[in-house]
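User: I am new to this structure and would like to learn how to read its features. Could you guide me, beginning with the idea of a contact?

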Amino acid sequence: MKRLQVSSSKGLNLTSDKAKSALKDEATKSNTKKFSPFLSLESSIKDPKLQVFKNDRFVCIKDKYPKAKAHYLLIPHGDAFPKLIRVADLIKLNNCVDILNELKSLSDKIVEENFPSDLKSKAMYGFHSIQSMQPLHMHIISKDFESDCLKNRKHWNSFNTKYFIRLDELIECLKKERDYFENDFFNLNNENVLKSYLDLPLKCNICNIVQKNMPSLKRHLLTHK
């Protein structure tokens, strides 16, 4: 059988069928490196129409596709921080709890200065357990969830199940746990569990009654106003 020389990291001589397979595998690996699973927030961070706060450590922007009447993103940035992409990256920092407390203080200020008066007592702070955009960002969002951008089950469950790591719960957990990853309370190392939260039934965040679809849930939420 005719043999085909293929350049690879292992320098193997492969038959033509195996060569095609090897080339395909190498192309896949190359594409994986090129295309990150994350989308970037950089353009939004630099947009003056979206930016509401900035200092040398943090920047806050309006969410471009808000899932509630009030929805902001608070983002660690600048030379004060290493590159943070996942919640786990933040937890690994020695001063993580101090940073989280700083996020809490800034969030309180942002709510006070930017939320409508009737929503200031209905704010919640936290991280998506799997970040869909980088860099790492924390959500500051009102609990009304009245928005045309809230369109599907995943949108709802990303804020109303354990997929959403509440800031106060994360702080308390890290104060108690010497080594967070020994118990992994929020399942950060179990992607299958985290993704399963997004497929849970649509449960009202006020009365816990399950709704069959998003239009039904949105109508139901209005009954609590």
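Analyst: Two residues are in contact when they have heavy atoms within 4.5 Å. Please keep in mind that this is a predicted model.

User: Which residues does Asp-199 touch, leaving aside residues up to four places away in sequence?

Analyst: Asp-199 touches Arg-153, Lys-154 and Asn-157. Asp-199 itself belongs to the loop between helix H8 (191-197) and strand S11 (202-203). Sequence and space can also be set side by side: Asp-199 and Trp-156 are 43 residues apart in sequence, and their C-alpha atoms are 10.0 Å apart.

User: Is Asp-199 buried or exposed?

Analyst: A residue is called exposed when its relative accessible area is over 50%, and buried when it is under 20%. Asp-199 has a relative accessible area of 52%, so it is exposed.

User: How should I read burial along a helix, and which residues of H6 are buried?

Analyst: In helix H6 (residues 167-176), the buried residues are Leu-167, Leu-170, Ile-171, Cys-173 and Leu-174. Viewed down the axis of H6, they fall within an arc of 165° and therefore line one face of the helix. The face of H6 turned away from this buried side carries the exposed residues Lys-175 and Lys-176.

User: What covers the buried residues of H6?

Analyst: The cover includes helices H3 (87-91), H4 (96-114) and H7 (180-183). It also includes strands S7 (123-128), S9 (138-142) and S10 (164-166).

User: How many disulfides does the whole structure have?

Analyst: A disulfide requires a pair of cysteine sulfur atoms within 2.5 Å. A search of the whole structure finds 0 disulfides. For Cys-173, the nearest cysteine sulfur is that of Cys-96, 10.0 Å away. Cys-173 counts as buried because its relative accessibility is 9%. Cys-60 is also buried, with a relative accessible area of 0%.

Terms used
Residues numbered from 1 in each chain as written. Predicted model: local features only at pLDDT ≥ 70, side-chain atom pairs only at ≥ 80, totals over all residues. Heavy atoms only, no water. Buried < 20%, exposed > 50% of the residue type's maximum accessible area, 1.4 Å probe, protein only. Helix = DSSP H or I, 4+ residues; strand = E, 2+ residues; numbered from the N terminus. Arc of directions from axis to C-beta.
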